[in-house]
Amino acid sequence: MLLVRKAEGGGLQLEPARRGLGEIPDTQGTIAPNSPIKRRLLDRRAPLLQYDLDFGRSYTEVSPAERRFFQQMRMSAYGPVVVQGELIGLLCCGSKVSDDPFTEQDLELLMTIANQTGVALRNARLVDDLRRREGEQAELNKALSTTKEQLEKLDSVKTDFITIASHELRTPLAQIRG
């Protein structure tokens, strides 16, 4: 699984998801805004084969850095994970055990799994956002509680000051009246 974020200038930043997915190269990549890879994955919402990327005529203008990133991933097929018109990930498949090429049915299955992954990823991000906001809310509540305690102490000091001041003013007044 590659997670996708928007990069400056309209490109896309790719980063492998590392949790529980075995040995994944520690590398990040960028796809240019006008790259044929971006057009295929986002605009056409079609899977991309490494074979097509390496030998296809429509990918001759792909930058060497983009090409190198996908070669380092050592995968054979990439399915776009698109949610609400935004590319949020790429589902990656290694080569088949038999080394046979991917068939149309294989790619259709990859796209079905990628679509379901999009729903799961969106839900996971919503849960993460909710947890982060709950944490922020807890910190704000703690800060509010601390501020309340400080205000209560200040109110107590104020009350003590007024009590002492009024007592100290009453004593001379009582002597003057007497």
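Is cysteine 93 buried, partly exposed or exposed, and at what relative accessibility? Cysteine 93 counts as partly exposed, because its relative accessibility is 23%. Buried here means under 20% relative accessible area, exposed over 50%, and partly exposed in between (1.4 Å probe, protein chains only).

The model is predicted: local features need pLDDT of at least 70, side-chain atom pairs count only at pLDDT 80 or more, and totals for chains, interfaces and linings use all residues. Residues are numbered from 1 along each chain as its sequence is written, and side-chain values use heavy atoms, with hydrogens and water left out.

Helices (H or I, at least four residues) and strands (E, at least two) are DSSP runs, numbered from the N terminus. An open sheet is formed by 6 strands in the order 3-2-1-6-5-4, with antiparallel pairing. Two strands pair if DSSP finds at least two bridges between them. Strand 3 (29-31) and strand 4 are the edge strands, each pairing on one side only. Strand 1 and strand 6 pair in the antiparallel sense over 2 bridges. Leucine 3 has glycine 89 of strand 6 as its bridge partner. Strand 1 and strand 2 are also antiparallel, over 5 bridges. Lysine 6 stands opposite leucine 12 in strand 2. The hairpin of these two strands has 5 residues between them, and glycine 9 in this hairpin takes a positive phi near 85°.

Contact means heavy atoms within 4.5 Å.

Helix 4 covers residues 104-177. Its 74 residues should span 110 Å at 1.5 Å a residue, and its end C-alpha atoms are 107 Å apart, which agrees. The expected span is 1.5 Å times one less than the number of residues. Buried residues of helix 4 include Leu107, Leu110, Met111 and Ala114. Strand 1, strand 4 (48-49), strand 5 and strand 6 are among the elements that cover the buried residues of this helix.

Glycine 79 lies in strand 5. Glycine 79 is buried, because its relative accessible area is 0%. Beyond four places in sequence, glycine 79 touches Gly89, Leu90, Leu91, Leu110, Met111 and Ala114.

A nonpolar core is a set of buried Ala, Val, Leu, Ile, Met, Phe, Trp, Tyr and Cys residues joined through side-chain atoms within 4.5 Å. The largest has 20 residues, of which Leu2, Leu14, Ile37, Phe70, Tyr78, Leu87 and Leu90 touch the most other members. At least two residues of this core come from each of strand 1 (2-6), strand 2 (12-16), helix 1 (36-43), helix 3 (64-73), strand 5 (77-83) and strand 6 (86-93). Another core lies apart from it, with 13 residues, among them Leu49, Val83, Leu107 and Leu110.

The structure holds 0 disulfides. A disulfide is a pair of cysteine sulfur atoms within 2.5 Å. The sulfur of cysteine 92 is 7.7 Å from the closest cysteine sulfur, in cysteine 93, too far for a bond. Cysteine 92 counts as buried, at 15% relative accessibility.
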